[in-house]
Amino acid sequence: EVQLQASGGGLVQTGGSLRLSCAASGLTFDDYAIAWFRQAPGKEREGVSCINNHDGRSYVADSMKGRFTISSDNAKNTVYLQMNSLKPEDTAVYHCAAGPVIPTALCPGKWDYWGQGTQVTVSS
């Protein structure tokens, strides 16, 4: 059974930092890309970042570049999202998802597995 366990959310002040973790089990980690999505109340789900565990390439959405960094520890089957300089608009539930890597793209367009969300709240 594939499981994705997201953790690390919390309440921080503007300008603070959090590190989210997504621990994967039940899949061949190197064959998958892991992505972070977020959804704020009343808003659509938004892609944040993804990493291709096969070749290490990563992507961060433009609005978060310079503040968010994604990394992967293949030995621990865990992906991290380091979030710095947090803003109130970063407040959302953050989910991680896994999809099989494809040769033609850094991040697949299809996500087979989803973890439960972790709440990030940034106070002003």
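## Basis and surroundings of Pro100

Pro100 touches Asp31, Tyr32, Pro108, Lys110 and Asp112, when residues up to four places away in sequence are not counted; contact here means heavy atoms within 4.5 Å. The model is predicted, so local features need pLDDT of at least 70 and side-chain atom pairs count only at pLDDT 80 or more, while totals for chains, interfaces and linings use all residues. Residues are numbered from 1 along each chain as its sequence is written, and side-chain values use heavy atoms, with hydrogens and water left out.

Pro100 belongs to strand β9 (residues 92-100). Strands (E, at least two residues) are DSSP runs, numbered from the N terminus. With a relative accessible area of 30%, Pro100 is partly exposed; the classes are buried under 20%, exposed over 50% and partly exposed in between, for a 1.4 Å probe and protein chains only. Asp55 is 45 residues from Pro100 in sequence and 13 Å away in space, C-alpha to C-alpha.

## Strand β4 and its partners

Seven of the eight residues of β4 are buried, so the strand is largely enclosed by the rest of the structure. Strands β4 and β9 pair in the antiparallel sense over eight bridges, where pairing requires that DSSP finds at least two bridges between two strands. Trp36 has Cys96 as its bridge partner in β9.

Strand β4 is also joined to β5 by six bridges, and these two strands run antiparallel. Ala33 stands opposite Asn52 of β5. The hairpin of β4 and β5 has six residues between the strands, and within this hairpin Gly42 takes a positive phi near 75 degrees.

## Aromatic pairs and charges over rings

Rings of Phe, Tyr and Trp (its six-membered ring) pair if their centres lie within 6.5 Å; planes under 30 degrees apart count as stacked, over 60 as edge-to-face and the rest as tilted. By this rule there are three aromatic pairs. Tyr32 and Tyr113 form a tilted pair, at 6.2 Å centre to centre and with 50 degrees between the planes. This pair links distant parts of the chain, since Tyr32 is in strand β4 (residues 32-39) and Tyr113 in strand β10 (residues 113-114), 81 residues apart. Tyr32 is buried at a relative accessible area of 14%, whereas Tyr113 is partly exposed at 30%. The ring centres of Phe37 and Trp114 are 5.0 Å apart and their planes lie at 40 degrees, so this pair is tilted. Phe37 in β4 and Trp114 in β10 are 77 residues apart, and their pair likewise links distant parts of the chain. Phe37 counts as buried, at 13% relative accessibility, and Trp114 as partly exposed, at 35%. Ring pairs link Phe37, Trp111 and Trp114 into a cluster.

A charge sits over a ring if NZ of Lys or CZ of Arg is within 6 Å of the ring centre and within 35 degrees of the ring normal. Arg45 lies over the face of Phe37, at 5.4 Å from the ring centre. The charged end of Arg19 sits over the ring of Tyr80, 4.1 Å from the centre of that ring.

## The buried Asn53

Asn53 is located in the loop between β5 (46-52) and β6 (58-60) and is buried, at 5% relative accessibility. A polar atom of the Asn53 side chain lies 3.1 Å from the backbone oxygen of Tyr32. Beyond its neighbours within four places in sequence, Asn53 is in contact with Phe29, Asp30, Tyr32, Ala33, Ile34, Ser72, Asn74 and Val79.

## The four-stranded open sheet

Four strands, in the order β1-β3-β8-β7, form an open sheet with antiparallel pairing. The edges are β1 (3-7) and β7 (68-73); each has a single partner strand, so one side of each is left without a neighbour in the sheet. Six bridges join β7 to strand β8 (residues 78-83) in the antiparallel sense, and Ile70 stands opposite Leu81 in β8.

## Strand β11

Strand β2 (residues 10-13) pairs with β11 in the parallel sense over four bridges, and Leu11 stands opposite Thr121. Strands β9 and β11 run antiparallel and are joined by three bridges, with Val120 as the bridge partner of Ala92.

Technical notes: Polar contact = N/O pair within 3.5 Å; in protein donor to acceptor, adjacent residues only side chain to side chain.
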